[in-house]
Amino acid sequence: MKMKELLLFLSCVLCVSADPLHSDIGIVGCSASDGEDMYGLDGEELAYADFNKQKEIYPQPPFIDPMNCPGCYDTAVADQQTCRENMKRCGKGMKDYPPEQDAPSAVMIYTRDEVEFGVQNTLICHVAGFYPAPVNVSWTKNGQKVTGSSINTPYLNKDGSFRQTSRLDFTPQLGDVYSCAVQHLALAEPLAKIYEVDSSAHSDPGIGPSVFCGVGLTLGLVGVAVGTFFLIKGNECS
Ligand SMILES: *[C@@H]1O[C@H](CO)[C@@H](O)[C@H](O)[C@H]1NC(C)=O
């Protein structure tokens with residue numbers, strides 16, 4: 001009983017000490033050729049203005065309660081104008097002051113799901129710690145350029161740098177080599193990362209695990225039976 005109370009108390013302490021705060025973020029940014037207007041929560045993109053498609057996009061998966069923001073796109077367009085005006089003014093004020101430029105601190109390439117040959121998956125190219133935004137990400141498959149990738153809007157890190165993620169749907173085939181190449185203002189050459197579909201990926205777990213499990217279980221049961229037999233025998237003898 002004592003033990004149970006202690007456990008209950010411990011779990012209470014744990015849940016109280018868990019950080020109850022969420023952190024949301026709104027980014028309005030512009031450059032001479034580009035702009036961003038994004039709303040995020042806890043590191044996830046909730047909504048952004050797509051200035052090419054001229055509408056607000058909600059990039060969350062369908063199982064999330066959908067966010068809707070009527071009027072957001074028009075506000076975003078207006079904010080871009082303000083941003084450009086401010087930028088002009090700052091440009092004058094900070095004449096000849098070179099803008100800060102930080103190349104990406106890391107580029108990582110990985111798959112969304114565990115790789116199974118012939119089963120559709122997504123390659124993810126995560127670019128971290130750069131300034132200013134954005135980066136361009138291009139993909140190749142076996143040395144040939146591929147299209148159809150997507151990229152999210154730049155997300156602001158706590159230290160003022162940005163991160164961005166590009167995705168490419170693909171079907172893993174043994175021997176295929178993919179790369180994502182990142183372009184950024186502070187990089188003289190694109191920074192490329194390679195992903196190779198090698199045989200360490202497995203096609204199908206097959207019957208191996210079930211056989212192991214079956215044999216293990218059988219041995220265990222035999223052990224219990226033999227143990228019980230000797231226990232009873234021992235009791236009879238004494
Ligand atoms: C990204 O691509 C666009 C269009 O090709 C180009 O204008 C821009 O300079 C590129 N940005 C970087 C950082 O290389």
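**Close-up views of a predicted model**

**View 1. A hairpin joins E7 and E8.** In the hairpin of E7 and E8, Asn 142 takes a positive phi near 50 degrees, and 2 residues lie between the strands. Strands here (E, at least two residues) and helices (H or I, at least four) are DSSP runs, numbered from the N terminus. E7 and E8 (residues 144–146) run antiparallel and are joined by 3 bridges; two strands pair if DSSP finds at least two bridges between them. Residues are numbered from 1 along each chain as its sequence is written. This is a predicted model, in which local features need pLDDT of at least 70 and side-chain atom pairs count only at pLDDT 80 or more, while totals for chains, interfaces and linings use all residues.

**View 2. Trp 139 has bridge partners in E8 and E12.** Stay with E7 (residues 136–141) and look at E12 (residues 177–183): these strands run antiparallel and are joined by 6 bridges. Trp 139 has Cys 180 as its bridge partner in E12, and Val 146 as its bridge partner in E8.

**View 3. The largest nonpolar core has 17 residues.** Such a core is a set of buried Ala, Val, Leu, Ile, Met, Phe, Trp, Tyr and Cys residues joined through C-beta atoms within 7 Å. A residue is buried if 20 or more other C-beta atoms lie within 10 Å of its own, exposed if 12 or fewer, and partly exposed in between, with C-beta atoms placed from the backbone. Leu 123, Cys 125, Val 127, Val 137 and Val 182 have the most contacts inside this core. At least two of its residues come from each of E6 (121–130), E7, E11 (162–170) and E12, and E6 gives the most, with 4 residues. Apart from this core lies another, of 7 residues, with Met 38, Tyr 39, Ala 49 and Ala 76 among them.

**View 4. Helix H2 spans residues 72–93.** Its 22 residues reach 31 Å from first C-alpha to last, close to the 32 Å expected at 1.5 Å a residue; the expected span is 1.5 Å times one less than the number of residues.

**View 5. Four residues surround the ligand: Asn 136, Gln 183, His 184 and Leu 185.** The shell divides into 1 nonpolar, 3 polar and no charged residues.

Definitions and conventions: Near = placed C-beta within 6 Å. Nonpolar A, V, L, I, M, F, W, Y, C, P; charged D, E, K, R; others polar.
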